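User: Hello! I would like to learn how to read a protein model, one feature at a time. Could you walk me through it?

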Amino acid sequence: QGYTSNGSVGPILTYAHPKNGKFAPPIARTYLQPEKGYVPHFHAMSSDGRHLWADYINNDIELFDYPTGGAPIKSFPVYNAIYAAVYPAVVP
């Protein structure tokens, strides 16, 4: 996830496993909606591969649908958390 030339948030790009040491074009582009002037920061994919965890640096961790993206579907207060982890981790 990065920033575009006009300052908006770029998508989270999903790629298939590399073949012959090269990536093919992305198979999904997921955009997370900014909220109240905050840009979401992607942290992890849920263990079932159907959701993404991100935060707005506002003491909440948000859950987003994947690969749909958009607005968060749930928000969890975490109070001063800087990073998040999801257990169990996704296994490729």
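Predicted model: local features only at pLDDT ≥ 70, side-chain atom pairs only at ≥ 80, totals over all residues.

User: Thanks! How many aromatic pairs does the whole structure hold?

Analyst: A search of the whole structure turns up 2 aromatic pairs. In one of them, Tyr15 and Phe23 sit 5.0 Å centre to centre, with 50 degrees between the planes, and the pair is tilted. Planes under 30 degrees apart would count as stacked and over 60 as edge-to-face, so the rest are called tilted. Tyr15 is partly exposed, at a relative accessible area of 35%, while Phe23 is exposed, at 58%.

User: And what does Phe76 pair with?

Analyst: Its partner is Trp53: the two rings form a tilted pair, 5.6 Å centre to centre and with 45 degrees between the planes. This pair links distant parts of the chain, since Trp53 belongs to strand β4 (residues 51–55) and Phe76 to strand β6 (residues 74–77), 23 residues apart.

User: You keep naming strands. How many helices and strands does the protein chain have?

Analyst: The count is 0 helices and 6 strands. Along the sequence, the pattern reads β-β-β-β-β-β. As for the chain overall, 25% of its 92 residues count as buried. Its accessible surface comes to about 6,500 Å², and 57% of that belongs to carbon and sulfur atoms.

User: Could we look at one residue in a strand? Is His51 buried or exposed?

Analyst: Begin with the place of the residue, then its cover, then its partners. His51 lies in strand β4. Its relative accessibility is 14%, and the cut-off is 20%, so His51 counts as buried. The His51 side chain makes a polar contact with the side chain of Asp65, at 3.4 Å. Beyond residues up to four places away in sequence, His51 touches several others, including Ala44, Leu63, Phe64 and Ile73.

User: What about a loop residue? Where does Arg50 lie?

Analyst: Arg50 is in the loop between β3 (41–45) and β4. With a relative accessible area of 54%, Arg50 is exposed. Arg50 and Tyr66 are 16 residues apart in sequence, yet 5.1 Å apart in space, C-alpha to C-alpha. Leaving aside neighbours within four places in sequence, Arg50 contacts Phe64, Asp65 and Tyr66.

User: Last topic: backbone angles. Which peptide bond is cis, with omega near 10 degrees?

Analyst: That is the bond from Tyr66 to Pro67. Pro67 lies in the loop between β5 (60–65) and β6. Another angle to look at is phi: Asn20 has a positive value of about 55 degrees, although Asn20 is not a glycine. Asn20 lies in the loop between β1 and β2 (28–30) and counts as exposed, at 79% relative accessibility.

Definitions and conventions:
Residues numbered from 1 in each chain as written. Heavy atoms only, no water. Phe/Tyr/Trp six-rings, centres within 6.5 Å; stacked < 30°, edge-to-face > 60°. Buried < 20%, exposed > 50% of the residue type's maximum accessible area, 1.4 Å probe, protein only. Helix = DSSP H or I, 4+ residues; strand = E, 2+ residues; numbered from the N terminus. Areas by Shrake-Rupley, 256 points an atom, 1.4 Å probe, with all protein chains shown as cover. Polar contact = N/O pair within 3.5 Å; in protein donor to acceptor, adjacent residues only side chain to side chain. Contact = heavy atoms within 4.5 Å.
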